[in-house]
Amino acid sequence: MDTIWLTGAEWLAVLRIGLGLWWLESWRHKDRKAWFERGTGIAWAAGVAAKHRWSAVRSGFDSVVAPHPRTMAYVVVYAELALGLGLITGFLTPIALAGGLLLNALYFTLMIHDVAEQGQNSMMALMSVVGLFGMSWQTWSLDSALGLF
């Protein structure tokens, strides 16, 4: 593989780190006090799910998320933090990439009517797939330093 400036493996590491920074920014800009104390994030998602065009999304949200809004707020917020840190440092990278792909698929499905959200989540999902199948943990990662994967 011919590349400019960096090797192919280093470019994949740049992609992985960039995706990690994107997840970290998703975590950083959340008003955690509002999410945890007032439940604003899950309440907003509940409103989106209630009007969703697919009944499977409505019923899935009602059975999985709605009964546990506080727990789900913590899961969402800290999943984004864990994904960001894992991808930036390259620690448990394949797990972080697969988890991020799943979370983006869930976000994409919930926000199917929002073109901006579709774009963001589809691009993040694509980055996860490229990072996963390109084995982006081979360079500049704790996984590589520790001999994992």
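Trainee: Which helices each supply at least two residues of the lining of the largest pocket?

Mentor: Keep in mind that this is a predicted model. To get on the list, a helix has to supply at least two residues of the lining. The ones that do are α1 (8-28), α3 (40-50), α4 (55-65), α5 (69-89), α6 (93-110) and α7 (115-133).

Trainee: How much space lies in that largest pocket, and which residues are the closest to its centre?

Mentor: The space comes to about 790 Å³. There are 33 residues lining the pocket. Of these, the closest to the centre are Ala45, Val76, Leu106, Tyr107 and Leu110.

Trainee: How do the residues of the lining divide into nonpolar, polar and charged?

Mentor: Go through the lining class by class. Three of its residues are charged and nine are polar. The nonpolar ones number 21.

Trainee: Are α5 and α6 roughly parallel, roughly antiparallel, roughly perpendicular or oblique to each other?

Mentor: Two packed helices are described by the angle between their axes and the distance between the axes. Here the axes of α5 and α6 come within 9 Å and cross at roughly 140°. Roughly antiparallel needs an angle over 145 degrees, and roughly perpendicular runs from 65 to 115. So α5 and α6 are oblique.

Trainee: And which residues of α6 does α5 meet?

Mentor: On the α5 side, the contact uses Val76, Ala79, Glu80, Leu83, Gly86 and Leu87. By class, the contact of these two helices has eight nonpolar, four polar and one charged residues. The α6 residues are Thr93, Ala96, Leu97, Gly99, Gly100, Leu103 and Tyr107.

Trainee: What about α6 and α7: how are they set relative to each other?

Mentor: Their axes come within 9 Å and cross at roughly 155°. Angles over 145 degrees count as roughly antiparallel. That makes α6, relative to α7, roughly antiparallel.

Trainee: How many charged residues does the contact of α6 with α7 have?

Mentor: From α6, the contact includes Pro94, Leu97 and Tyr107, and from α7 it includes Gln118, Met124 and Leu132. By class, there are nine nonpolar and seven polar residues.

Trainee: Last one: is the crossing of α6 and α7 left-handed or right-handed?

Mentor: Look at how α6 passes α7. The crossing is left-handed.

How values were computed. Residues are numbered from 1 along each chain as its sequence is written. This is a predicted model: local features need pLDDT of at least 70, side-chain atom pairs count only at pLDDT 80 or more; totals for chains, interfaces and linings use all residues. Side-chain values use heavy atoms; hydrogens and water are left out. On a 1 Å grid over the protein atoms alone, a cavity is a set of points where a 1.4 Å probe fits but cannot get out, and a pocket is an open set with protein on both sides within 12 Å along at least five of seven lines; lining residues have an atom within 4 Å of a point. Grid points are joined across faces, edges and corners, and a volume is the space filled by probe spheres set on the points. Helices (H or I, at least four residues) and strands (E, at least two) are DSSP runs, numbered from the N terminus. Ala, Val, Leu, Ile, Met, Phe, Trp, Tyr, Cys and Pro count as nonpolar, Asp, Glu, Lys and Arg as charged, and the others, Gly among them, as polar. Axes are lines fitted to C-alpha atoms, for helices over the stretch in contact, and angles run from 0 to 180 degrees between N-to-C directions. Angles under 35 degrees count as roughly parallel, over 145 as roughly antiparallel, 65 to 115 as roughly perpendicular and the rest as oblique. Contact means heavy atoms within 4.5 Å. A crossing is left-handed if the near helix is turned anticlockwise from the far one by less than a right angle, and right-handed if clockwise.
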